[in-house]
Amino acid sequence: MKRYNLLIVLLLLAFNVATAQKKSPAADFSAIGEAKTKIENTVPLVLEHLKTIADKEGDSSIYTNGKTALGKEYAILQSEFWLYNGNMSNCILNNSSKKAKKCMQYHTQYLRNTFINYNNYISYVTKKNGYIGVDSDIKKDFTPSEITKKLGDAYYAASEASQRMKGAQKKEFLEQPKSDDYKLRPYSEVAQ
């Protein structure tokens, strides 16, 4: 009988070692900071392009109208990005893991659509010589699907990590994405 107990213990130990070696994504929110930087970096690129076109055409209204229009698009994205971080934390905090996953998928898809709209707008504005169907002059580091996948993965990892936390610790952990560090800077500041 003791041999079988020893065998079971050894098998459990081997199983635990094997599963512990599987890497799970880190439960941090660095993806939010990366997304924030990528979004903010699109503004100067687009404005530089508009300035170049305005100088080339000798028409300053191209720059001023484009800057105003970009500000409106950025404001939409800024608002949605802030809501996304709050909604994702609330999904995790207020739901069971199964409901939280559905909730997070919904908000990630909605943010992805907002990113796609913004990306389409800045791609349209920066078309080479203003012709539709021609590749953009600028090289931007803004891919909606890649950014939202990283954000979604970060929140899924946070959801798993928070399941091992209790009360105040869990709430404090999920308040991190709602900090001012993860807010997009105001357009007037980014557009300098």
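1. Basis of the values. The model is predicted: local features need pLDDT of at least 70, side-chain atom pairs count only at pLDDT 80 or more, and totals for chains, interfaces and linings use all residues. Residues are numbered from 1 along each chain as its sequence is written, and side-chain values use heavy atoms, with hydrogens and water left out.

2. Overall composition. The protein has seven helices and zero strands, and its pattern along the sequence reads α-α-α-α-α-α-α. Helices (H or I, at least four residues) and strands (E, at least two) are DSSP runs, numbered from the N terminus. Of the 192 residues, 35% count as buried; buried means under 20% relative accessible area, exposed over 50%, and partly exposed in between (1.4 Å probe, protein chains only). Among contacts with a separation of 6 or more, 77% are between residues 24 or more positions apart, where contact means heavy atoms within 4.5 Å.

3. Helix 2 against helix 3. The axes of helix 2 (residues 30-57) and helix 3 (residues 60-94) come within 9 Å and cross at roughly 170°. Axes are lines fitted to C-alpha atoms, for helices over the stretch in contact, and angles run from 0 to 180 degrees between N-to-C directions. Helix 2 is therefore roughly antiparallel to helix 3; angles under 35 degrees count as roughly parallel, over 145 as roughly antiparallel, 65 to 115 as roughly perpendicular and the rest as oblique. The contact of helix 2 with helix 3 comprises 15 nonpolar, three polar and five charged residues. In this classification Ala, Val, Leu, Ile, Met, Phe, Trp, Tyr, Cys and Pro count as nonpolar, Asp, Glu, Lys and Arg as charged, and the others, Gly among them, as polar.

4. Helix 2 against helix 5. Helix 2 also packs with helix 5 (residues 144-162), at an angle of about 160° and with the axes 9 Å apart. This angle makes helix 2 roughly antiparallel to helix 5. The crossing of helix 2 and helix 5 is left-handed; that term applies if the near helix is turned anticlockwise from the far one by less than a right angle, and right-handed if clockwise. Helix 2 contributes A31, I32, E34, A35 and K38 to the contact, and helix 5 contributes E146, I147, K150, L151, A154 and Y155. By class, the residues of the contact of helix 2 with helix 5 are seven nonpolar, no polar and four charged.

5. Helix 3 against helix 5. The angle between helix 3 and helix 5 is about 30°, with their axes 10 Å apart, which means that helix 3 is roughly parallel to helix 5. Helix 3 passes helix 5 in a right-handed crossing. The contact is made by F81, Y84, N85, M88, S89 and I92 of helix 3, together with L151, G152, Y155, A158, S159 and S162 of helix 5. The residues of the contact of helix 3 with helix 5 comprise seven nonpolar, five polar and no charged.

6. Two residues of helix 3. N85 is found in helix 3 and counts as buried at 0% relative accessibility. Leaving out residues up to four places away in sequence, N85 touches I32, Y155, P177 and Y182. The C-alpha atoms of N85 and L151 are separated by 9.4 Å, although the two residues are 66 residues apart along the chain. I92, likewise in helix 3, counts as buried at 3% relative accessibility. Beyond its neighbours within four places in sequence, I92 is in contact with A100, M104, Y155, A158, S159, S162, K170 and L174. I92 and S162 are 70 residues apart along the chain, with a C-alpha separation of 7.9 Å.

7. The disulfide. A search of the whole structure finds one disulfide, defined as a pair of cysteine sulfur atoms within 2.5 Å. C91 and C103 form this disulfide, with their sulfur atoms 1.8 Å apart. C91 lies in helix 3 and C103 in helix 4 (residues 97-125), so the pair ties together parts that are 12 residues apart in sequence. The disulfide is left-handed because the torsion about the S-S bond of C91 and C103 is about -55°. C91 counts as buried at 1% relative accessibility, whereas C103 is partly exposed at 22%.

8. A residue of helix 2. T37 lies in helix 2 and is partly exposed, with a relative accessible area of 41%. T37 and F142 are 105 residues apart in sequence and 9.8 Å apart in space, C-alpha to C-alpha.
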